[in-house]
Amino acid sequence: MIRLLLVDDQIIVRQGLRSLFETKSDFQVVGEAENGESAITYLERFHETSLQPDVVLMDVRMPVMDGVAATQIICQRFQVVKVLVLTTFDDNEYVSQAMRVGAKGYLLKDTPLETLTNAIWSINQGHTQLGPGLFEKILTPLPELTTLIPPEFTKLTPREKEVLRLIAIGASNREIADSLYITANTVKNHITSILSRLNLRDRTQAAIFANSFLSLRDKM
């Protein structure tokens, strides 16, 4: 049984999702919230109780506190809770920001129910899920960052840059291999090369390196 918290400012959306999940015996909607702040209040109230969700379905654009800000706080303070962004917005900015702050997945609201439930199961197990076409949005360079990217980044091959961006959003070696259609051993080789070229100790440092300049966009 996977427990869900539905976060969306439109009550009709929350009611629709609740109705859909009520037809699935392996899911339980334990709560609803109309914005990010309410979601955090809910998690604080029911932390480590039977009403704590396993997965939060999070919209992006909401009043009071948006989904990206809420996702960052949830991932920092309630690390056992997974966040799946479920929204109508597929902007590069939203996708990149949400994944960088800790979301384990990003899907659009027109996703078929079976695909959505499979994604929730996968995310609950720690995997990353992206809707069709969204993976490319993460890999697309942000134009305004061109002059801010550290010179070390230019030492990497195009494939190594792809691997580094996936490391930055928390993807495992297997997830990287599946996403780029390469073997796990090839991923390991790319990571070894990345660490050598950038003079880094491990993949944690690589993720910090990548996020240190990707996050600059948010400060401009």
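This is a predicted model: local features need pLDDT of at least 70, side-chain atom pairs count only at pLDDT 80 or more; totals for chains, interfaces and linings use all residues.
User: What volume does the largest pocket have?
Analyst: About 380 Å³.

User: Which lining residues are closest to the centre of the largest pocket?
Analyst: Of 16 lining residues, Thr128, Leu130, Glu175, Asp178 and Ser179 are the closest to the centre.

User: Which element gives the largest share of the lining?
Analyst: H8 does, with five residues. S6, helix H6 (134–139) and helix H8 (173–180) each contribute at least two.

User: Now the sheet. How do I read its pairing?
Analyst: Start with the general idea. Strands in a sheet pair through backbone hydrogen bonds, either parallel or antiparallel. In this structure, six strands make an open sheet. The order is S2-S1-S3-S4-S5-S6, and the pairing is parallel.

User: Why is one side of S2 and of S6 left without a neighbour in the sheet?
Analyst: Strand S2 (27–33) and strand S6 (129–130) stand at the edges, so each has a single partner strand.

User: How many bridges join S1 to S2?
Analyst: Six, between strand S1 (residues 2–7) and S2, which run parallel.

User: Which strands do helices H1 and H4 meet?
Analyst: Helix H1 (residues 11–21) lies across S1, S2, strand S3 (55–58) and strand S4 (82–87). H1 runs at about 170° to S2. Helix H4 (residues 92–100) packs on the sheet and touches S4, strand S5 (105–108) and S6. The direction of H4 makes about 150° with that of S5.

How values were computed
Residues are numbered from 1 along each chain as its sequence is written. Side-chain values use heavy atoms; hydrogens and water are left out. Two strands pair if DSSP finds at least two bridges between them. Helices (H or I, at least four residues) and strands (E, at least two) are DSSP runs, numbered from the N terminus. Contact means heavy atoms within 4.5 Å. Axes are lines fitted to C-alpha atoms, for helices over the stretch in contact, and angles run from 0 to 180 degrees between N-to-C directions. On a 1 Å grid over the protein atoms alone, a cavity is a set of points where a 1.4 Å probe fits but cannot get out, and a pocket is an open set with protein on both sides within 12 Å along at least five of seven lines; lining residues have an atom within 4 Å of a point. Grid points are joined across faces, edges and corners, and a volume is the space filled by probe spheres set on the points.
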